[in-house]
Each structure stands twice: as structure tokens, then as C-alpha cells.
Amino acid sequence: MLLSYKQASYTGVRQCPSPQLQPWPLSRQAHVPKRRRTCIFTPAAAATQNIAKLQQEYGIAEHVQVVEGQGGLPKVVLSHSSGTKAEVYLYGGLVLSWKQPSGDEVLFTRPDAVFDKSKPISGGIPHCFPQFGPGKIQQHGFARNCDWEIASTSADLQPDERDPEVELVLTDSDFTRSIWPHPFKAAYSVSLHGDSLRTDLRIINTGDQAFDFTAALHSYFEVLDISKARIRGLKGLQYLDKTPDPNNPVEKKEEREVVSIDGPMDAVFLSPGDYVELDVGTGAAVSISSSGWEDVVVWNPWDAMPASYEKFCCVENGKIAKPVVLQPGSSWRATQELNVIILDTPDFVED
Ligand SMILES: O=P(O)(O)OC[C@H]1O[C@@H](O)[C@H](O)[C@@H](O)[C@@H]1O
């Protein structure tokens, strides 16, 4: 929780690979009974070895580490000298965690999140691509349930305050083409700059036919209590209210300077400026600056998710109302920057 009254505890990362799962030197293998040797090469051991290989190739001392995350999934941990940390899972190309120097978590992971690839990870910042939805293909597309690959890492932008960055890529495969028949490349970089988290998404049409798509960063933010969360930057905007029926949204106008949530909310705000702010109810807010993204979704399921709805609010930069049309060889780009700000006059003060 961002600036919560409780002391945030940072659980850290599980270190891997565990030494017993390393491939043994040949001289030792000769002495190992055959039955035991076969146990070494389990899928889990192979995954561990793969993580070790990625760490060897892409790890940068003190700033970028590839380690085993929840469910044994590979994750990239970015550490900034300011004390901020981000965790990026290759499964889904997903930023799951972003912690402030105090250890306070900014993002939220739903209690029903699973890390076994049976469904997308429900938390952090999942991708919606190539469809926000609802629409012709699966809800929110397939990018959130594909393995992305590491293209590069760096931490050398400023020698004195090295900004760690990872770039992930997702390209079309038999699986993606079975859902959406277009060759593409998605390049997604995640970086820490002092207290801020930046993402940069590029979609490239690598085929010879034009295609269109919609997309979003389905960002889950932790709030003190949804009844105390406030969103600024939406006043005067038209929005598609999907709450009653996502398939038949009703167009409305937002009149409020400060938007509060007191029931289920599922709304696509059309063409806001490049800045919205989520007051999380603790005296702090997350500022969300962007370029290229043209819409903002605000979603809270309310009592459809009784175990968690009070603790999060999704504020999602998206390109939804007007799909991007990409000609062969051309690309589309959108950036987002998250910062934590301390509010002078919080709307709510604890009793
Ligand atoms: O449960 P999912 O697939 O992650 O989607 C959650 C919600 O995501 C929001 O972005 C949509 O606007 C909602 O309509 C949807 O219910």
C-alpha cells in the first residue's frame, strides 16, 4: 500500500537457481545413479536453468536481475539507486510490482491471481492487445497470456544514477495467428527513473497487409479503500458507460472535477488530456502521464469481487474508441509515466 499507515513489508525475491538443480559437472554425473539423474531434468529444473541463462545474459549487477518469480515464472527485477524497485514477468509482459523507496507497493495483485499460466495474471499492469474488448476475439486479447522475450536490458543512462530498463518483445506465433491472423512485433520497455516508472509500447506491422487493433495497459492500483479513492482529470469528458452492459455501452458526460466510486464502475473516458491522477486515499496519489494512449478506462467490479474490490482501482490508459490502423511496415507508439505525489490537501483524512 502506498503510504499506508501500516509498515510495508518487502518480501523480496526468491533466489534462484537453487544449486541442486544446476547441471552437474560430467565427472560427478558419472557417479550418480541413473534414476536420480533423470529427476534433474524436470520441466521445473529446465525452467530454472533457463532463468539462470537469462540472468547470465541480461543481468546487470545491482540494477537488473532475472530471477524466479511466483509459480517459478521468470521475472526481471529492476532496482534503482533511489530505492525503487519493479518486477516484470515475462509471462504476459507484465509489471507486477512497483515499490517506492519506503517499500510501499503502488500496484495491486488480486487475491485470485494465479501464476501457473492457466489464465492471465490478475494484477499489476497487464496488456490488452490486440483487442481491448468485448469483441471478436478473447477478452483483452492474447498478449497478457503469452510469454514475452527479453530483447535487451540496460542501466547506463546516467552513470551516477543508473536508470535500469528492460525491453521485452512479443512476435506473432502459431498461437497468436490462430486467434488473430496478423504478423506483428510488440516491443515494450519498462524503466525506472528515480521515483517514476516509465513504459513505452510500440506495435509494428511486420506483415504485408494492413491491420487494426485496440490496446490498453490494464493498471491495477492499490487504494486505502475504494470509497476514499478519487480520480482527477476526467471533468468534461464524454465516456462510454459499460457498467450496465459491456456490449451496449451508453455514452455520457462526466461533470465532476473529482470522480469518486460508490458502486460498480466500468467506463471508457474518451480523449482525456495526457494526465490523470488517482488519489489513493492515504494522502498520496499516483500521477499518470501519457502520450499516444487516447482513452482512459476506470474499472472497479464492486461486489462482483467481494474479496478485493475495496482495495484496488483500475485506471487504464487505452487506445479503444478509435482502433489503430497500421499499414505494412509502420508502427504505433504509446508511453506512460507513473509518479507518486504527496497531496497537500487530501480529500479524505482518517478519523
Ligand atoms: O477480468 P478481466 O478479463 O481482466 O477484465 C476485467 C475488466 O477489465 C476492464 O478493463 C473492462 O473495462 C471490464 O469490462 C472488465 O470486466
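Predicted model: local features only at pLDDT ≥ 70, side-chain atom pairs only at ≥ 80, totals over all residues.
User: What joins β2 to β1?

Analyst: Here too you'll find 5 bridges, with β1 and β2 running antiparallel. Look at Glu68, which stands opposite Pro74 in β2. The hairpin of β1 and β2 has 5 residues between the strands, and Gly71 in it has a positive phi near 70°.

User: In what order do the strands of that sheet come?

Analyst: The order is β1-β2-β3-β4, which makes an open sheet of 4 strands with antiparallel pairing. β1 (64-68) and β4 (94-99) are the edge strands, each pairing on one side only. From one strand to the next, the twist averages 20°. Helix α3 (residues 43-58) packs on this sheet, touching β1 and β2, and its direction makes about 180° with that of β1.

User: Is β2 mostly covered or mostly open?

Analyst: As a general idea, side chains in a regular strand alternate between the two faces of the sheet. In this structure β2 is mostly covered, with 5 of its 6 residues buried.

User: What about the sheet of 9 strands: which strands stand at its edges?

Analyst: Its order is β6-β7-β8-β9-β21-β18-β17-β12-β15, and it is an open sheet with antiparallel pairing. β6 (149-154) and β15 (258-259) are at the edges with a single partner strand each, so one side of each has no neighbour in the sheet. The partner strand β7 (residues 165-171) is joined to β6 by 5 bridges, and the two run antiparallel. To find this pairing, look for Glu149 opposite Val169 in β7.

User: Let's move to the annotations. Where does UniProt place the feature "active site"?

Analyst: The unreviewed UniProt entry puts it at His218 and Glu316.

User: Is His218 buried or exposed?

Analyst: The idea is to count C-beta atoms around a residue, where 20 or more others within 10 Å make it buried. His218 has 24 other C-beta atoms within 10 Å, so it's buried. You'll find His218 in the loop between β10 (211-217) and β11 (220-222). Leaving aside neighbours within four places in sequence, the contacts of His218 include His140, Cys314 and Glu316.

User: And where does Glu316 lie?

Analyst: Glu316 is in strand β20 (residues 312-326). With 23 C-beta neighbours inside 10 Å, Glu316 counts as buried. Not counting residues up to four places away in sequence, Glu316 touches several residues, among them His218, Val297 and Trp299.

User: Last one: which residues surround the ligand?

Analyst: The ligand is surrounded by Gln139, His140, His218, Lys242, Pro246, Asp266, Val297, Trp299 and Glu316. That shell divides into 3 nonpolar, 3 polar and 3 charged residues. Both residues with the "active site" feature in UniProt, His218 and Glu316, are in the list around the ligand.

Conventions
Residues numbered from 1 in each chain as written. Near = placed C-beta within 6 Å. Nonpolar A, V, L, I, M, F, W, Y, C, P; charged D, E, K, R; others polar. Pairing = 2+ DSSP bridges. Axes fitted to C-alpha atoms, helices over the stretch in contact; angles between N-to-C directions. Contact = placed C-beta atoms within 7 Å. UniProt positions renumbered as here; feature names shortened; annotations may be inferred. Buried ≥ 20, exposed ≤ 12 C-beta atoms within 10 Å, placed from the backbone.
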